[in-house]
Every structure is written in C-alpha cells, then in structure tokens.
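User: I'd like to learn how to read a fold and then a helix. Can we go through one together?
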Amino acid sequence: MAGSNPTPYYTPTSKHTAATYHSPFLLKRPNLYSLVAVTFLCSAFYFTGLWQNRGSNSVITTSNIVHTTIPCFPSKNTSTNSPTSSKSTQKLDFTTHHSTDDGGAVTPDDSIKIYPPCDIKYSEYTPCEDPERSLKFNRNRLIYRERHCPEKNELLKCRIPAPYGYKNPFKWPISRDLAWYANVPHKELTVEKAVQNWIRYEGDRFRFPGGGTMFPNGADAYIDDIGKLINLNDGSIRTAIDTGCGVASWGAYLLSRNIIAISFAPRDSHEAQVQFALERGVPALIGVIASKRLPYPSRAFDMAHCSRCLIPWGEYDGTYLIEVDRVLRPGGFWILSGPPIRWRKYWKGWARTREDLNAEQNKIEQVAKRLCWKKFVEKDDIAIWQKPYNHVKCTEFRRRVKNPPICPAQDPDKAWYTKIETCLTPLPEVSNEQEVAGGQLEKWPKRLHAIPPRISRGTVNGVTEEDFQKDSQLWKRRVSYYKSVNNQLGQPGQYRNILDMNAFLGGFAANLVDDPVWVMNIAPAEAKVNTLGVIYERGLIGTYQSWCEAMSTYPRTYDLIHADSVFTLYENSRCEMEDIMLELDRILRPEGSVIIRDDVDILIKVKRIADGLNWDSQIIDHEDGPLEREKLLFAVKSYWTAPAAQGS
C-alpha cells in the first residue's frame, strides 16, 4: 500500500496495467509444472472438504456466495486471524436507539488516539462566536459579534457533550412547531417574547406558534399578506434571506411555498434563537451585518426580509443596504416591516418620537433611491422595494448622484472575511434595458436542472455546460448508491438538516430536493473555483466556509454530513485532520450519519480518528467497484450525553 501508514488486514486493490497480464502461451516450462502442482493440491483440498461435510444439509450454490471486503482495521474483541469476522463486513445501523449515556466511552487502543468528552459547560460551544472571546473586540457597529475564532493553541481536543436527556428532534413537519426542552434548555425567550408569540414552554417541550413581533396573527398570515403584494407562487421567487431572524418562523412557513430562506441572527441576548431555528429543521446560521460582507455570493437571493430586525439601514452611509443590494438578484425584492414603517400608528408603542421615526424612514428611502431601487409598494405594516433588472438607467442616474460611488473592479462574489464596501456593486453589462443582468433564470423547479447563467456565459472558470450535465448525471448515480448503502437516507423522516462540506455545483443537494430535507451547500474558501453563485442560480442555498475554522452554527446542528474530497483539499494546509473531524463531531447530532469520499490512504487515517471519536464506521467500495482508489466511509455518531446534574 502506498504511504507510510501500514494497516493490518487491509489490501487495497489497484487497477491492473497492461503489463500485469501475461499470455499462458508465454509461460516457461518450470512455471507450468508449478501451475499443475498448485491445481492438483487445490482440487485435493476441495474434495477433502466436501467429503468432511458430506453429512451436512448445506448446498453450495452461487446464491450462497456473499461478497465480503477485507476490513481496514481488525474488529475489537475478534480474532486477528479471522478478518472476515470483523464488524466491517456487517452493515452499519443507521437507526436511532438512544441506548447509551455513558459519556461516549471508547475502548482503549494503543494505535488510536482517544478523544475524551468535554466538560458540560461546552455543550453549546460555538468556537468562532464565543461570548467570552467576543468581549475583547470593538463593540462599535456590532463588530464584536462577528466571527472571531480561537487560536490554534486554544482549540479543544475533546468531544462536545449533548445535554442530559437529549432526544432526537421531532420529524419534519412536526418539528416546525415542536422541540424538546432538553435539547435547548433555555426559557428566556418564552418570557421575553411571550406577548409576541415566538415560543411557548409546555412541560418537556417548546411550542412555536409562528408568531413574531410584526406578525401577531402568525407567520403564515403575514406571508399571505406579502403574497398579496408580490407573487410568491409562480416560482420566480425561490431563495430568500432573513436578517435578524428570531426563531426563523418566517423561513419555516415559507418552505410550504417552495421558497427556501437562509435565516441568520447574532448570538446575543436573545439566547439560542438560531439554535431553536435549527432544532425546528429550518436553515439558519449565526451571523450579523457589521464590518464584513455576508458569506454569500452576489446576486444570490430573490428576496430579502427584515421584520423589526433592528438593523440601522439608513446609517453609516447606507452600508447595510448596500450589502443587501450586493446579494440581491436583479429584480429581487427587499421587504421591511417594523420601525420605521407605519410609524404614524406605532410611534408611541415604540417609545420614539414622530420626528425621529420620520427621519429614519427618509434616510432609508434616500439610500434605496441612490441604489436605483424603486419603491414597489407600501401597505399597512409592510414596505417593499425592488432592485432594478439592470443598471442601464442607473448608470445615467449615477452621473448626477455620486454617493455611493460605483465599486471599482473587484470580485463581487468574494465574501469570506471580506470588508463591506460603501460602493454600489455594478451588475453585469446588458445590451438593452429589457435584458436581465447576468442572465434570466428559469422559474422553480425548472431552475434546478437548467444550465445556470454563470456557466452558460462562461464566467465560472473551467466549468462548461457539458461539465454541468455530466456532474448532474454523476450525482444522480452517486446519491442512488448512497441510498442503497444507507437505507435510512431513502426513507423520509430520518434526516432533516444536511450539510455538504464541498458542494461544487450542488449535485448532491439537487438529487435530494424531492425528499423532506434541506442541504446547506458549502463552497470552501480554499477551493480553486468559486461555484456558490451557480448553486444559488439552481435555487439551492449555501455559504462560504473554511474548514480550517469552526462553522457559525451550534453543536448538534446536522443529521447527516457529506464530505467529497474535503480531506484531500486540506491535505497540505494549515488544518489538522483531527480538528476537521472534531468539528464534524461538534456539529453532528447524536446518531447522526457521515458520508466521506476520498482517496483510500486518506480514508484509513480518517477512520482512525473516527474510531477515536467512538463513531461506528466502515470503509466500502466506490460505486464503480473495488478497482477505484477513491473509497467511501460511512459512519454513525454514537448516542451519548453529559451525565445528569447532581441532585436532579
């Protein structure tokens, strides 16, 4: 085996070259004698075995033959002389059991590094949004609530515990309305937002009535009101972003309309709001608009939303609206409800003066105008603006109004630790006023499989229309193979929140779109080609992420994690393989599943770490057979929790 990491009982099969095969007519005479002797001995042993078992009822037929793969590691408590008895020849159990709460104890093995449980105080640890670390940074413009990750010597080398009594979430769509109290043991919002109907505490669970500060009749009724103003039903609006999302009820109720929203809010005094959203099975990330761009490409969202999100849209030269403009698709809508909209009715309840609120709305109107947005409609508590389909008329307007200026040449999709610019991101050039900048998108669901405009226009380096079509067929076959190995993946209800760590064109997610799941597609910051814009043009969602750092999400976020060539991507980087695996363990639910595709030599190392994490794992052949060096590791995280508190 290649590499310097020999492992007992593993013999990877490599593709034979032409030189491996020899014609029998070219055999020399001594080799022919040896062949005859070996054949005679094999036949003798075979018939001797038949004679010894002549009294049994077994019958040797082709249907009795079972293909077994030689395990990558000898199974614990089995004879090392009998590799076929290893558990790696058995099917992994992907079903839920909740059978242990022993701290995830791992049987010691001198060849495997064991990762102990962390202290219970880390049960909700979000390394890059740690409240204690954030206090060291500038509080101006909420910079201290941005990502601030630990140094390498601060990284935890232990497994984050689930709270005592943790249960697998309710299955979707029940999870939209219910969550177990033990999973997110925080009652603060039930008191603070009691009047606004965000969340209620009912015994061992929380209930989400769908309320919000500006939609007392529920998110469904509020969305119906929006639907009377813009068309939410014809497939032209598919992707949305909710800023300052609370418990993400707006995004939760949009899903029934085939609109998928990324909801985000900072980790602030509204304890665990994003964690509640994820527990409900709704896409969400910890995040804030401050000094850095949002981690999404330009022209990503069909609709952006703020319902009393308390973002100062008119301040700082309109910086935050300028950032919304960057991520909003040409012709997309920005929806605002709450202060200052309809201030004449609410100003007393908001405890602000009429003059103050009027001035705030005027600032917002002026910034929107300078961005060339048009006021689409304002009715009752809702105001909607629309971004232009192109910048033909805007260019004329910008000659007179120079604030904000047009951004100089830059990459509008670069958004990983990229400073927000107070300039207008120019749209792709068009030939006439009727053309949609960047290309017209198909309506959902046709959008999913149509050639994305970024590819058809040749703006994604090295990716052609033919490449896109081949990739689509490739992932159709691969996902089918995954479901044949993990039958729970093919059964609705086992998984809801799914992460694809290296999504490329979104083919994995595209082949799960008919299942009751959502997929967070990751474009690694270190990838050679930025393809996240393509993913959004397909009507899917995702974000940028470097796997050398922790993700902006809570522990136990995802039910299934998929990693295609991730460890190859980071093989010679500043990342340690164990730190990436520890991050997977942090964000994976107890009894959650992992699928890792990579070169066999890398997967052998990955499996050692998986064993140290007490995952039940198995390396299996590529969908094209055993001669492929690329293999698959399927794993299941064990169920374990922190011990019960003393005196409880």
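User: Among contacts in the protein between residues at least 6 apart in sequence, what share joins residues at least 24 apart?

Analyst: A contact means heavy atoms within 4.5 Å. Here, 71% of those contacts join residues at least 24 apart. Bear in mind that this is a predicted model, where local features need pLDDT of at least 70, side-chain atom pairs count only at pLDDT 80 or more, and totals for chains, interfaces and linings use all residues. Residues are numbered from 1 along each chain as its sequence is written, and side-chain values use heavy atoms, with hydrogens and water left out.

User: How many helices and strands does the protein have?

Analyst: Both are DSSP runs numbered from the N terminus: helices are H or I, at least four residues, and strands are E, at least two. This protein has 17 helices and 17 strands.

User: Let's take α17. Is it mostly covered or uncovered?

Analyst: Buried means under 20% relative accessible area, exposed over 50%, partly exposed in between (1.4 Å probe, protein chains only). In α17, 12 of 13 residues are buried, including Ile602, Leu603 and Lys607. Their cover includes α16 (577-587) and β17 (630-637).

User: What caps the N-terminal end of α17?

Analyst: Asp599 does, with a side-chain oxygen 3.0 Å from the backbone nitrogen of Asp601. Just after α17, Asn614 has a positive phi of about 65 degrees.

Terms used: Polar contact = N/O pair within 3.5 Å; in protein donor to acceptor, adjacent residues only side chain to side chain.
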